Amino acid sequence: MNSLRVEHAPSQGNIVRDCPGTKDHICCGYKTIDLIEGCALSCSYCILKAYLNTPAITIHDDIPYITSQIDVMTGREARHILRFGTGELSDSLALDRRYKLNRPLVEFFGARKNALLELKSKWAYIEHLIPHLNPYTIISFSVAPQRIIDEEEKRTSPLYKRLKTARKAQDAGCFVGLHFDPIIIYPGFEKDYRYLIEDISRILDMDRIIWLSLGLLRFPPKLLGHYMEHNRKNLLYGEFIRGEDGKMRYIKQQRIKVYSMLYRLLKKKNKGLFIYFCMEREDVWRKVTGMTVKDDDALMTLFDERIKNLYGGKI
Amino acid sequence: MEMKTISLHDIDLNDRRFCISYALEDETLTESIREVGIVQPALLLDASPLIVITGFRRLASAKKLGLANIPAMIKKVRADEALLLSIHDNLGRGLNTVEKAYALEKMASAGFPRQKIFGVMALLSLNPHEKVLGSFVAIANEGKPLQDLIVRHDASMKSIEYLLKLDAQERRRIISLLSPLHITDSLLREILEMFILMKIRKGAVDLKGLRSASDGRDLKARLKKKSYPILTSMEKKFLATKQLCALAPHIDIKVDPFFEKEYIDILLKIKSENDVKAAIEKLKAILEDGYIRSILELTQG
């Protein structure tokens with residue numbers, strides 16, 4: 001990571017934004033803080049390859065400018081508890097040891113107590129943050145079978161380190177989030193995901209996982225050519241169609257089958273686990289969970305209930 | 001430079017070091033020369049025997065017509081200058097992809113600096129980039145079957161890149177499969193994309209069941225069955241159910257082409273009240289027979 005070109009951007013425009021979501025699919029109403037744009041981890045499937053034109057990493061480090069935008073957003077929201085994250089256009093932790101951008105945000109959310117900050121990562125290092133962590137920061141890890149980490153996420157931390165670090169965050173008093181995203185279909189993936197869920201239940205306190213997302217691989221069509229050019233066998237194994245939002249997705253029948261398997265396995269480990277789908281259709285939600293989540297607002301309400309159950313009146 | 005009449009015997013017709021024309025045979029040009037002779041003189045390098053700089057197709061036609069002499073001008077230049085003369089002389093007529101490839105490969109082989117090559121690439125409306133240059137050099141070094149296919153189908157760079165991704169044996173087999181078919185470049189691209197997907201997924205290209213394809217669309221359908229087995233089987237089930245419904249021409253049932261949308265469309269074309277009654281009766285019947293449920297099961301995954 002030493003050869004990275006890092007640029008500090010001037011404070012202008014909206015750095016705190018609504019997650020763009022995707023047409024005809026249910027979005028969780030997440031708010032993104034584009035603290036860093038660009039990622040050092042360079043996972044093979046990463047959609048940043050399609051969205052960001054520059055190989056450089058841009059840092060927005062005017063924290064007062066950013067927190068003022070967060071305040072405006074939370075002030076405007078009357079109905080839902082907002083969740084903010086810095087892991088949309090980058091990895092939340094990969095560069096944090098060097099640039100220490102998260103600490104002021106962690107402290108800000110800890111002081112405000114009116115919203116949650118999620119640090120989403122594949123980089124298992126939080127030692128520098130531990131003294132400052134508070135319950136209003138969620139340490140989250142994207143997880144995948146080690147085989148996928150070895151082949152598609154080469155620069156990231158191994159699975160056991162991510163899980164151990166998540167456990168460390170739980171022990172420091174934080175809730176953690178897990179993201180099965182992207183879930184990749186390849187020969188033998190079922191068995192690998194079964195082992196992954198076993199590992200999670202063995203290492204983590206399942207009651208202190210605030211949320212867990214499931215998201216099968218999806219990508220803008222222009223990445224298909226990129227995957228083909230780079231012979232990404234794992235990524236191209238499944239059967240892709242163009243979804244209503246124009247993105248490439250596994251065919252719905254396959255998605256329902258895979259989600260149902262994972263949902264069942266996870267619920268078996270902990271019935272109370274809060275599982276949601278990232279950018280999925282309403283009918284897929286219904287088919288897999290039996291729940292009717294008719295729109296974005298309905299999903300945000302489910303999040304509100306989950307947070308209130310865990311935090312009581314402390315938020 | 002003075003125009004002279006030169007005997008074909010004094011020219012080395014096999015020396016194609018400055019030739020970027022593909023293909024050399026040109027029926028229209030031959031007919032034109034038969035009619036009025038060579039209007040534009042060839043340009044020859046002063047050597048013994050003389051070497052052609054420009055006019056390869058004119059010379060090929062002249063040879064075919066049995067002409068003994070041609071009008072030409074003789075120039076004393078360095079080899080690199082001669083190559084540039086050849087390329088620039090041809091720029092005006094619009095080069096095909098293989099000709100562009102020859103031009104760039106010859107420049108690269110002659111040791112032209114990258115900046116000079118990229119300059120010519122810009123003149124050829126190509127992105128002056130190392131990777132693009134690499135693809136064109138690869139095209140120039142390929143055999144006639146691929147070059148013919150590229151020119152015949154006016155293949156896009158995407159299609160060419162797919163072909164170059166295959167190993168030589170696979171490429172030969174696929175070219176022999178595609179060559180007799182009349183297909184547009186977009187269909188060619190779709191077909192090649194499925195071959196590449198097959199190669200990435202299975203490690204090899206499997207032509208079983210494809211050789212008997214009657215045309216490009218048939219070949220695409222057969223490949224789709226191999227590359228998208230779930231989608232193809234759902235389409236098959238849908239069409240079979242629709243066939244069982246025995247719908248009259250004014251009733252149609254449509255589904256999302258990828259079975260993403262949960263709902264189905266039932267279309268009625270109505271001219272009279274009786275048409276409405278008949279449509280309602282028909283829909284009632286297929287509903288009771290469970291065909292609507294079967295179709296919904298497909299769209300609901």
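A:Arg218 stands opposite A:Arg249 in β13(A). This is a predicted model, in which local features need pLDDT of at least 70, side-chain atom pairs count only at pLDDT 80 or more, and totals for chains, interfaces and linings use all residues. Residues are numbered from 1 along each chain as its sequence is written, and chains are lettered from A and ligands numbered from 1 in the order in which they are written.

**The sheet in chain A**

β11(A) and strand β13 (residues 248-250) of chain A run antiparallel, joined by two bridges. Strands pair if DSSP finds at least two bridges between them. Strands (E, at least two residues) and helices (H or I, at least four residues) are DSSP runs, numbered from the N terminus. The open sheet has three strands in the order β11-β13-β12 (chain A), with antiparallel pairing. β11 (218-219) and β12 (240-242) of chain A stand at the edges with a single partner strand each, so one side of each is left without a neighbour in the sheet.

**Chain A as a whole**

Chain A holds twelve helices and 14 strands. Its radius of gyration (over C-alpha atoms) is 18 Å, close to the 20 Å that the globule rule gives for 315 residues, so chain A is as compact as a globular protein of that length. That rule is 2.2 Å times the number of residues to the power 0.38. The C-alpha atoms of chain A fill a box of roughly 45 × 45 × 35 Å, taken along the principal axes. Of its 315 residues, 40% count as buried. Buried means that 20 or more other C-beta atoms, placed from the backbone, lie within 10 Å of the residue's own.

**Where the chains touch**

The contact takes 17 residues from chain A and 14 residues from chain B. Residues are in contact if their C-beta atoms, placed from the backbone, lie within 7 Å. On the chain A side, α9 (233-236), β12, α10 (252-269) and α11 (282-289) each supply at least two residues. α10(A) gives the largest share, four residues.

**Strand pairs in chain B**

| Strand | Partner | Sense | Bridges | Facing residues |
|---|---|---|---|---|
| β3 (residues 42-45) of chain B | β5(B) | parallel | four | B:Leu43 and B:Met73 |

Notes
Two residues are in contact if their C-beta atoms, placed from the backbone, lie within 7 Å. A residue is buried if 20 or more other C-beta atoms lie within 10 Å of its own, exposed if 12 or fewer, and partly exposed in between; C-beta atoms are placed from the backbone.
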